[in-house]
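Take a look at the model below.

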Amino acid sequence: MGGPLGAIIGRHPTAAGGDGDGQIGGGGGGGIIRHNRKCRDLVFLVIFIAFWVAMIVNSSFGFNQGNPLRLTYGLDYKGNVCGNRHAKPDLRELMVRYWLNPNQVYLSGIENSQFNLADARSICLMECPVPSEDGLNWVCDYPEGDIRLSMDDWINRDYDYYEFLTSEMRNSSLQLQGPCYPVIFPSVNVYWNCQFIARASNVSLRHWQQMGGVNIDENIIIDKTIHRAINSPSPVLKRYVADIGKAWPVLIVCGGILPVFLSVIWLLMIRHFVAGMTWITVILFNALVISVTMFYYTKAGWIGNDALSVVIGEHDPYIHISGREINHIRAVAVLMTIVMIIAFLSSLAIIRRILIATSVLKVAAKVIGEVQALIIFPILPYVILAVFYMFWFSAALHLFSSGQILRNDCSGNCCSFDLKSNKINCDNCCGYRIHYTRNIGISILFHLFGCYWATQFIIACSSTVIAGSVASYYWARGEISQEIPFLPVFSSMKRLLRYSLGSVALGSLVVSIVEWVRFILEALRRRLRHSDPAPVTCIGKFMSSSSQCCLGCIDWIIKSVNRNAYIMIAITGKGFSKASAIATGLIMNNILRIGKVNVIGDVILYLGKLCVSLFCALFAFLMLDTHKYKSAHNKISSPLFPVLVTWGLGYIVATLFFAVVEMSIDTIILSFCQDAEEHQGTAQYAPPLLMETLDSQGEMQRLTQGS
């Protein structure tokens with residue numbers, strides 16, 4: 001290091017008890033934790049505030065332009081979103097999109113056809129119609145013009161007013177130009193779209209032919225066209241995002257409330273039952289990994305008969321329709337199998353070192369016992385983060401659905417009977433689409449980056465407060481313990497808010513930028529791999545894997561440096577860059593000392609956070625497996641996305657609470673090593689509780705002597 005830090009971090013109090021720059025006691029100096037502080041990195045605090053203003057403006061655009069119904073339900077031929085009560089006509093109960101003209105569906109599926117399925121005439125219904133067993137059913141257009149029926153009467157008549165049609169209207173209907181269309185093919189509700197089954201009803205088809213109707217194509221293309229449209233990447237992504245909105249009670253319970261409960265229990269057990277917690281954590285982690293893997297196997301259809309169903313409501317059990325969501329579930333099941341094997345082998349590898357972790361956790365247990373406010377402090381950043389996530393998820397749903405509804409340009413035959421003008425109209429009969437501009441994509445990426453930066457900022461603030469509280473405990477020896485504030489947590493929080501918010505904003509920004517560089521490079525790598533059909537060589541695979549490994553190592557190093565920088569910010573009040581330099585120098589000088597004590601402890605803490613998050617994911621699986629999320633309006637397309645989001649939320653909440661133990665260990669060890677370095681190998685400020693935890697002079701010597 002560049003020189004001794006005694007003036008900042010601590011020396012013996014002066015004989016007079018209050019005159020030195022680095023005094024701990026006395027009334028004038030206020031102690032080392034309060035020494036020579038001033039506002040740091042203000043520029044980055046201003047940038048963070050400006051970023052939040054931009055986040056609010058960006059979100060307001062989503063709230064103004066977006067409609068989350070678009071993520072789940074389709075558009076009818078008028079450009080209305082099914083289920084929208086503000087549409088004309090009122091579609092509040094009509095949520096299923098049904099294509100009226102089967103020949104248009106067939107035409108859109110032919111290779112090199114100029115006609116698209118989006119231009120096929122579709123309306124919104126309550127349920128998918130079924131062919132009649134002894135006649136011919138009709139589905140007619142929304143009642144208007146000369147058809148004097150209300151929407152409720154139209155629904156009660158099963159959408160059929162064929163008997164009220166004039167002769168001209170009936171002739172038009174027999175030409176499949178409306179306003180009424182025959183129900184020839186059975187259909188099932190697949191993600192709020194009526195999926196045709198290419199198995200025409202013989203009775204209905206015979207009646208249609210006897211009435212003089214035009215030829216209707218019976219071909220598997222009718223089935224495949226709608227299936228292909230429903231399972232294209234864009235609708236699947238929209239359904240995944242919509243699942244988050246439908247499963248919000250699961251996110252609140254399993255991603256918000258449950259991890260707090262589990263984390264507090266874990267902290268209390270660390271406080272009172274530290275000797276057995278390492279073993280409990282390792283065993284519980286493996287059990288939860290196995291349980292979550294088995295749930296994915298169940299939903300993939302590989303165990304039992306509870307495979308994911310794409311059909312909403314009851315349907316013919318002999319009709320099997322699969323979706324892309326099932327393939328995603330199976331891919332995650334394979335991934336979880338690999339994770340399960342690695343987790344089990346890793347647990348076997350660290351069994352011999354678990355006793356070292358126990359001795360490290362004793363340090364944190366002693367600190368938590370002395371500064372008991374640390375157990376409940378994470379509730380404050382948790383509440384702030386919960387409010388932020390509620391706002392963020394709501395804004396995200398609106399941003400993802402904020403495209404413009406525009407009419408398509410089509411050249412196919414889409415003539416239809418217009419009830420308002422009472423004649424066949426071949427103009428402006430093209431369908432509608434939701435158009436997403438490049439600006440919307442940028443807004444979504446900006447929103448995602450804002451979520452990550454804000455999350456890292458709140459976690460960093462929490463870590464800095466904890467480090468300041470633990471540092472106050474360490475650097476006040478027994479004879480001057482009265483100088484510790486009654487509530488060191490609130491004193492540390494006051495110092496953060498007054499002096500160090502800019503430094504924390506800078507540190508969290510560095511981590512966020514590195515993560516997003518990794519994300520962008522990975523996206524580019526995937527795009528290049530899919531755009532180039534040539535097989536990847538072994539050298540290419542090696543270079544790709546090596547680059548990913550290097551970026552991962554850089555990310556891990558930066559996060560580690562940041563964590564120790566927050567400790568030095570809490571102790572010294574320096575800016576982020578200076579604190580990072582101090583922390584890095586201290587680590588390099590004591591790498592063996594810190595590594596031997598801290599690595600296994602960090603592994604156990606990491607497993608503890610995974611235990612909490614995996615338990616939340618398992619509970620989310622159980623909640624999503626109930627009838628509420630398997631049918632009707634709340635049916636989710638797949639449990640994959642809600643479970644992954646729940647796991648992420650559980651991990652973030654666990655990180656906030658486990659930081660009490662993690663930062664306690666790191667702060668104590670860094671302070672102890674610096675104390676020993678300042679005083680020729682003998683720590684002067686280590687409290688008796690730390691001495692008892694280290695247990696013997698031999699363990700003390702191992703820490704202070706290094707290699």
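Which helix gives the largest share of the nonpolar patch? The answer is H17, with six residues.

This is a predicted model, in which local features need pLDDT of at least 70, side-chain atom pairs count only at pLDDT 80 or more, and totals for chains, interfaces and linings use all residues. Residues are numbered from 1 along each chain as its sequence is written, and side-chain values use heavy atoms, without hydrogens and water.

**The patch.** Leu-445, Leu-448, Ile-513, Val-517, Phe-519, Ile-520, Leu-521 and Leu-524 make a nonpolar surface patch of about 660 Å². Helix H16 (438-474) and helix H17 (488-531) are the elements that give two or more residues to the patch. Patch residues have over 30% relative accessible area and no salt bridge, and their nonpolar side chains are joined within 5 Å. Helices are DSSP runs (H or I, at least four residues), numbered from the N terminus.

**Two residues.** Ile-520 lies in helix H17. Ala-373 is found in helix H14 (residues 373-376). Partly exposed is the class between buried (under 20% relative accessible area) and exposed (over 50%), with a 1.4 Å probe and protein chains only.

| Residue | Relative accessibility | Class |
|---|---|---|
| Ile-520 | 45% | partly exposed |
| Ala-373 | 23% | partly exposed |

Ala-373 and Ser-469 are 96 residues apart along the chain, and their C-alpha atoms are separated by 9.5 Å.

**A helix pair.** Helix H11 (residues 274-299) and helix H12 (residues 324-349) pack at an angle of about 160°, with axes 9 Å apart. H11 and H12 are therefore roughly antiparallel (an angle over 145 degrees).

Terms used. Patches are made of residues with over 30% relative accessible area and no salt bridge: like charges are joined within 9 Å, nonpolar side chains (Val, Leu, Ile, Met, Phe, Trp, Tyr) within 5 Å. Accessible areas come from the Shrake-Rupley method with a 1.4 Å probe; for residues, only the protein chains shown count as cover. A salt bridge is a side-chain nitrogen of Lys or Arg within 4 Å of a carboxyl oxygen of Asp or Glu. Axes are lines fitted to C-alpha atoms, for helices over the stretch in contact, and angles run from 0 to 180 degrees between N-to-C directions. Angles under 35 degrees count as roughly parallel, over 145 as roughly antiparallel, 65 to 115 as roughly perpendicular and the rest as oblique.
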